[in-house]
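Welcome, and let us take a friendly walk through this protein together. Please keep the sequence and the 3D view at hand as you read.

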Amino acid sequence: MAVRNQLIHRPPHAVWAVLADPNRYEDWVVGPSQSRPLDRTWPEVGSRLRYTLRLGPWSSEGVTTVRYAEPGRELELEASFDPLGTARIFLQLRPWGEETLVICDEHPLRGLGGTLHNPAVEALIQLRHRGMLARLARLVEQDPVAEQDPVADRHGPRTRGA
């Protein structure tokens, strides 16, 4: 199971704003050259987006489905790519002072990817996460950040454990 973290110098609501925008998926995820929402409700549970992977002249499409979402805190995805099966990708956003600690946990879930999972594949996933989390940090840190946290505005102040 590949787990990696990244400290992003913005609050969780700013990180969530990028994660919640299906048109930005290809900007922070390593691999897809294109992505497009299949549902207008991303990142609600069950919503999907289609992505294209390109390697030279070869390309193929996959679908990512939201399996769990807690706005501003957690996003759990299932990425499906027919030749390899599916993978679970879990992103957790933890407030870290005025910043956000993003924890990414990914592992093969179904199909050939799970069968072939080994330490070498785990090392490749770790390299992918390093690039993916660095991309996410750049996107978030370069975006203008809203003055108010939209999640807190809707639900009142958050307290730990609530």
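A residue is called buried when its relative accessible area is under 20%, exposed when it is over 50%, and partly exposed in between, using a 1.4 Å probe and protein chains only. What you see is a predicted model, in which local features need pLDDT of at least 70 and side-chain atom pairs count only at pLDDT 80 or more, while totals for chains, interfaces and linings use all residues. Residues are numbered from 1 along each chain as its sequence is written, and side-chain values use heavy atoms, with hydrogens and water left out.

Let us begin with the overall layout. Helices (H or I, at least four residues) and strands (E, at least two) are DSSP runs, numbered from the N terminus. The protein chain has five helices and seven strands. Followed along the sequence, their order is β-α-α-β-β-β-β-β-β-α-α-α. The chain holds 162 residues, and buried ones make up 41% of them. A contact means heavy atoms within 4.5 Å. Among contacts between residues at least 6 apart in sequence, 48% join residues at least 24 apart.

H9 sits in the loop between β1 (2-8) and α1. Is H9 buried, exposed or partly exposed? Its relative accessibility is 41%, so H9 counts as partly exposed. Leaving aside neighbours within four places in sequence, H9 is in contact with E99 and E141. H9 and V140 also show how the chain folds back: they are 131 residues apart in sequence, but their C-alpha atoms are 8.3 Å apart in space.

A nonpolar core is a set of buried Ala, Val, Leu, Ile, Met, Phe, Trp, Tyr and Cys residues joined through side-chain atoms within 4.5 Å. The largest such core has 28 residues, and V15, L19, W28, V102 and L136 touch the most other members. Two or more residues come from each of α1 (12-19), α2 (25-28), β3 (48-55), β5 (74-81), β6 (85-96), β7 (99-110) and α4 (119-142). Which element gives the most to this core? That is α4, with six residues. Rings of Phe, Tyr and Trp (its six-membered ring) pair if their centres lie within 6.5 Å; planes under 30 degrees apart count as stacked, over 60 as edge-to-face and the rest as tilted. By this rule there are four aromatic pairs. Y25 and W42 form an edge-to-face pair, 6.4 Å from centre to centre and with 80 degrees between the planes. This pair links distant parts of the chain, with Y25 in helix α2 and W42 in the loop between β2 and β3, 17 residues apart. Both Y25 and W42 are buried. The rings of W58 and F81 have their centres 6.4 Å apart and their planes at 85 degrees, so this pair is edge-to-face too. W58 belongs to strand β4 (residues 58-70) and F81 to strand β5, 23 residues apart. W58 counts as partly exposed because its relative accessibility is 43%, whereas F81, at 10%, counts as buried. Ring pairs also link Y25, W28, W42 and Y51 into a cluster.

Stay with W42 for a moment. The peptide bond from W42 to P43 is cis, with omega near 10 degrees. P43 is found in the loop between β2 and β3. In strand β2 (residues 32-37) you will find S35, which is buried with a relative accessible area of 11%. Not counting residues up to four places away in sequence, S35 touches P22, Y25, E26, L49, R50 and Y51.

Our last stop is an open space. On a 1 Å grid over the protein atoms alone, a pocket is an open set of points where a 1.4 Å probe fits, with protein on both sides within 12 Å along at least five of seven lines, and lining residues have an atom within 4 Å of a point. Grid points are joined across faces, edges and corners, and a volume is the space filled by probe spheres set on the points. The largest pocket holds about 820 Å³ of space. Of the 26 residues that line this pocket, L53, F81, L84, E106 and R128 are the closest to its centre. The elements β3, β5, β6, β7 and α4 each give two or more residues to the lining. Ala, Val, Leu, Ile, Met, Phe, Trp, Tyr, Cys and Pro count as nonpolar, Asp, Glu, Lys and Arg as charged, and the others, Gly among them, as polar. By class, the lining has 18 nonpolar, five polar and three charged residues.
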